[in-house]
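This report concerns the charged side chains of a protein structure. It considers how they pair and where the paired residues lie.

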Amino acid sequence: MKETPLSNCERRFLLRAIEERKRLDGRQTYDYRSIRISFGTDYGCCVVELGKTRVLGQVSCELVSPKLNRATEGILFFNLELSQMAAPAFEPGRQSDLLVKLNRLLERCLRNSKCIDTESLCVVAGEKVWQIRVDLHLLNHDGNIIDAASIAAIVALCHFRRPDVSVQGDEVTLYTPEERDPVPLSIHHMPICVSFAFFQQGTFLLVDPSEREERVMDGLLVIAVNKHREICTIQSSGGIMLLNEQVLRCSKIAGVKVAEITELIQKALENDQKVRKEGGKFGFAESIAKQRITAFRMEKAPVDTSDVEEKAEEVLAAADPPPDLLSVSKPVLWTPGTAQIGEGVENSWGDLEDSEKEDEDEGGSDEAIILDGVRTDVGMEVSNTGSQEAPIVLSDSEEEETIILEPDKNPKKTRTQTISAKQEKAPSTTPVKKRRKKRTAN
Amino acid sequence: RERAMQSEAKSHTEHGTDSSPQGPGCSLRHFACEQNLLSRPDGSASFLQGDTSVLAGVYGPAEVKVSKEIFNKATLEVILRPKIGLPGVAEKSRERLIRNTCEAVVLGALHPRTSITIVLQVISDAGSLMACCLNAACMALVDAGVPMQALFCGVTCALDSDGTLVLDPTAKQEKEARAVLTFALDSVDQKLLMSTTKGLYSNAELQQCLAAAQAASQHVFRFYRESLQRRYSKS
């Protein structure tokens, strides 16, 4: 689906409002939208809501062999996905420019700032290290993806616990969560991205732009800062020229905002830990706002399954009894090495009358009839209804052995023998010849 | 009469084993649903069954790519996104099952040459994921106001090694089960829309599971009804 274009009047309206220092959602210039952090039941799973923008973060880990040039360092991997759920314009499985830009920015913000102690992820130097994978899914796009994603990533990393390992000599033991408590990652600091949108060639500035504001902005400045006010990465995009003082002012604002956000994150993490420790209820089910009219919950519901067996019996009884397959198709062993299943009704495929006529034309030789029968009904028993003496039955094989089914005759007879029984007309060599002729004629 | 007595006794013993510390097998975990929680999609729903949670977003009826256009009905598309990594074959096969289920109930003929896209995101998997996906998809379709001839729900049954039936199994129960059966049922007369199974089971067990799923579907549909009643109430 294509993105709905922004109309000129909408654009003008938004810009006019910004000039008057007003925002559509009533925020002040430096206000963030409300941030909500909720955790899942798994470790390292969180949903961050920044206003209506929503990002799902999930951290997972795996034991891998390290990179050759960094034998003692664990591997960090970030993957932000723009799902079509977030906005109709995002196409599944396509690496758009925006996606590449956001992923790179995240890597710079979190990996290159060395906020995670990668050396503590080493198990056996040069052989086994932990690979930490951070998957971020954008669920709803209402502007400022990068801030929400960076918060989700750092929250998920803080929340994550990896299985404990012990090394004794050459032996590496991996403990399940039941055996030993999983261990958290060692995190040095928490870098968080703060976005600034610029309008009118940098005259106006807004923190945390919404989707509408992003569409009319001229340039974007993203600064990643930790709570110690250390700048981890800085990126300006949109081709806007900023003054020295502007960047300095933005970094100061970012420092203040990040301090607030870090405090919120720590509070949320503490809360979750407390609930888990006390054995209370946690997970997304608890974070649904119950007072909302669109939300509804139902407690555990017992289902009465006492009549299930009776019902099943009823259905089985009502169903048509399976056709007696055995009576229909009894495997028949004609002779060692051949067998037949499912012979039945006389074949209506081959036009017997025609073949008979043909036979008559050809001089009504028995062999021809027999061969015709073989040709038209492969795998079927054919009673030779021609003007011959007794019905002759042939099996499907055109080769060597065929057996006659008549009880009075000896069942172990080859075709040549059966034919020789009525060889008044043709000598024994002719059937083969005739057959060849027929073949060539066919 | 004797048989009835026997089966009754059996069901009693079933209930007896069910009241083990694991909790009753023939019960559904707690359900929760929130609709219209995302601003961008036309309809969205997050569905929770115990600790399993799926978020669904629906776009449609909307413009369709020319290559996917169907001249007499809407093109239904289902995208299932796993939580970790990229979608693989398992997701593709599930997408197909969900799409076929939705196609059976969505009145696509009312919106020819349009697309209806259902995006499902696994939030957490703690058993009965397929059923949860189906339920989330249905609630999101309802939220989007897509015309349907009936609602549908998904119910998962697991059969233990000793033949005990477990409804709405957790991930652990699914792992230990001999067979796991998932059914999609419609709301009008609980007819089967889709079934996908794994493992070994007999004909009689299949019918038992289906009957149990039909009984459970009543609860799910009641949950749908109550949640919608709440949504459209004035308070």
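## A pair on either side of the burial limit

A:Arg111 forms a salt bridge with A:Glu107, with 3.6 Å between the closest N and O atoms. The model in which this pair occurs is a predicted one. A:Glu107 is buried, its relative accessible area being 18%, whereas A:Arg111 is partly exposed at 30%.

## A bridge between two loops

A salt bridge also joins A:Asp164 to A:Arg180, where the closest N and O atoms are 3.3 Å apart. A:Asp164 belongs to the loop between strand S7 (161-162) and strand S8 (165-168) of chain A, and A:Arg180 to the loop between strand S9 (171-174) and strand S10 (183-184) of chain A, so the pair ties together parts that are 16 residues apart in sequence.

The two partners are assigned to separate accessibility classes. A:Asp164 is buried, with a relative accessible area of 17%, while A:Arg180 is partly exposed, with a value of 35%.

## A buried pair and its network

The side chains of A:Arg27 and A:Asp208 meet in a salt bridge with an N to O distance of 3.1 Å. A:Arg27 is in the loop between helix H1 (8-19) and strand S1 (35-39) of chain A, and A:Asp208 is in the loop between strand S12 (204-207) and helix H4 (211-216) of chain A; the pair therefore ties together parts that are 181 residues apart in sequence. A:Arg27 is buried at 9% relative accessible area, and A:Asp208 is buried at 0%.

A:Arg27 and A:Asp208 are also members of a network of salt bridges, which links them with A:Arg23, A:Asp25, A:Arg33, A:Asp142 and A:Glu213. Over all chains, the structure holds 36 salt bridges.

B:Glu91 is located in helix H2 (residues 89-105) of chain B. A polar atom of the B:Glu91 side chain lies 3.0 Å from the backbone nitrogen of B:Gly88. Leaving aside residues up to four places away in sequence, B:Glu91 touches B:Leu80 and B:Pro82.

Note on methods: Residues numbered from 1 in each chain as written. Chains lettered and ligands numbered in written order. Predicted model: local features only at pLDDT ≥ 70, side-chain atom pairs only at ≥ 80, totals over all residues. Heavy atoms only, no water. Salt bridge = Lys/Arg side-chain N within 4 Å of Asp/Glu carboxyl O. Helix = DSSP H or I, 4+ residues; strand = E, 2+ residues; numbered from the N terminus. Buried < 20%, exposed > 50% of the residue type's maximum accessible area, 1.4 Å probe, protein only. Polar contact = N/O pair within 3.5 Å; in protein donor to acceptor, adjacent residues only side chain to side chain. Contact = heavy atoms within 4.5 Å.
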